[in-house]
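Subject: Structure handover

Dear colleague,

Here is the structure I promised to pass on. My notes on it follow below.

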Amino acid sequence: MMIITQKITSLAYEIYDGMFRKEEELLPSQRCLAVRRMPSLLEYLSYNCNFMGILAGPLCSYKDYITFIEGRSYQLTQSEANGKEEIKYEQTDPSPNIAVAQKLVVCGLSLLFHMTVSKTFPVEYNIDDQFRATASFPTKIIYLYLSLMAARPKYYFAWTLAEAINNAAGFGFRGYDKNGVPHWDLISNLRILHIEVS
């Protein structure tokens with residue numbers, strides 16, 4: 001329900017930006033994602049209920065999804081600062097194998113970390129009566145932090161696996177960098193390092 005709610009809300013804003021606002025009012029990012037015609041019922045249901053992301057996402061824009069479904073996701077565009085498309089060119093279809101393998105390694109490490117560390121620092125111990133009565137306040141805070149750090153990787157596992165599933169299907173290709181290396185981060189559930197060091 002959370003993913004569908006996010007999709008419905010983002011699509012509503014994208015339709016509003018594309019059909020009811022003036023071009024000069026939009027930021028470049030809004031201009032890029034604006035939906036210029038009302039989706040058909042089939043397109044709408046396909047976007048909301050596609051099997052790759054219905055359980056754990058990641059959230060994607062309607063325009064990116066339709067571009068993928070229509071097979072145009074490997075056509076790259078060179079854009080200027082004004083957000084207008086200048087040149088379209090096509091390269092060979094990139095392989096998602098490396099991106100999927102990297103994400104599966106992250107899944108495995110997340111699951112391993114959760115399975116081992118959560119046994120040492122179970123979250124339930126935070127509400128143990130004896131622990132609450134005898135531990136000092138700094139000890140409670142430190143234990144709370146460690147136990148929640150041990151609990152988070154199960155979510156990292158599920159969300160990273162969802163990204164890998166989308167990439168394996170060919171969805172999530174953002175383009176090539178200047179060295180010709182493909183980037184598979186168009187859609188993303190999370191950035192683990194940013195979460196942990198924030």
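The axes of helix H3 (residues 41-49) and helix H4 (residues 62-69) come within 10 Å of each other and cross at roughly 105°. Axes here are lines fitted to C-alpha atoms, for helices over the stretch in contact, and angles run from 0 to 180 degrees between N-to-C directions. Helices (H or I, at least four residues) and strands (E, at least two) are DSSP runs, numbered from the N terminus. H3 and H4 are therefore roughly perpendicular; angles of 65 to 115 degrees fall in that class, under 35 is roughly parallel, over 145 roughly antiparallel, and the rest oblique.

Before going further, note that this is a predicted model, in which local features need pLDDT of at least 70, side-chain atom pairs count only at pLDDT 80 or more, and totals for chains, interfaces and linings use all residues. Residues are numbered from 1 along each chain as its sequence is written, and side-chain values use heavy atoms, with hydrogens and water left out.

Where H3 and H4 meet, Glu 43, Ser 46 and Tyr 47 of H3 face Tyr 62, Tyr 65 and Ile 66 of H4, contact meaning heavy atoms within 4.5 Å. By class, this contact has 4 nonpolar, 1 polar and 1 charged residues. Ala, Val, Leu, Ile, Met, Phe, Trp, Tyr, Cys and Pro count as nonpolar, Asp, Glu, Lys and Arg as charged, and the others, Gly among them, as polar.

Tyr 47 also belongs to the largest nonpolar core, which has 12 residues, including Leu 11, Cys 60, Phe 171 and Ile 187. Such a core is a set of buried Ala, Val, Leu, Ile, Met, Phe, Trp, Tyr and Cys residues joined through side-chain atoms within 4.5 Å. H4 gives the largest share of this core, 4 residues. Not counting residues up to four places away in sequence, Tyr 47 touches Lys 7, Ser 10, Leu 11, Leu 59, Cys 60, Ser 61, Tyr 62 and Tyr 65.

Cys 60 is buried, with a relative accessible area of 4%. Buried means under 20% relative accessible area, exposed over 50%, and partly exposed in between (1.4 Å probe, protein chains only). As for disulfides (pairs of cysteine sulfur atoms within 2.5 Å), the structure holds 0. The cysteine sulfur nearest to that of Cys 32 belongs to Cys 60 and is 13 Å away. Cys 32 is partly exposed, at 49% relative accessibility. For Cys 60, the nearest cysteine sulfur is that of Cys 49, 12 Å away.

The loop between H3 and H4 holds Gly 57, which counts as buried at 0% relative accessibility. Leaving aside neighbours within four places in sequence, Gly 57 is in contact with Ile 3, Met 52, Ala 162, Asn 166 and Asn 189. Gly 57 and Glu 163 are 106 residues apart in sequence, yet 7.5 Å apart in space, C-alpha to C-alpha.

Leu 109 sits in helix H5 (residues 97-120) and is exposed, with a relative accessible area of 54%.

Helix H7 (residues 137-151) and helix H8 (residues 153-168) pack at about 25°, their axes 5 Å apart. That makes the two roughly parallel. Met 149, Ala 150 and Ala 151 in H7 meet Pro 153, Lys 154 and Tyr 155 in H8.

Regards
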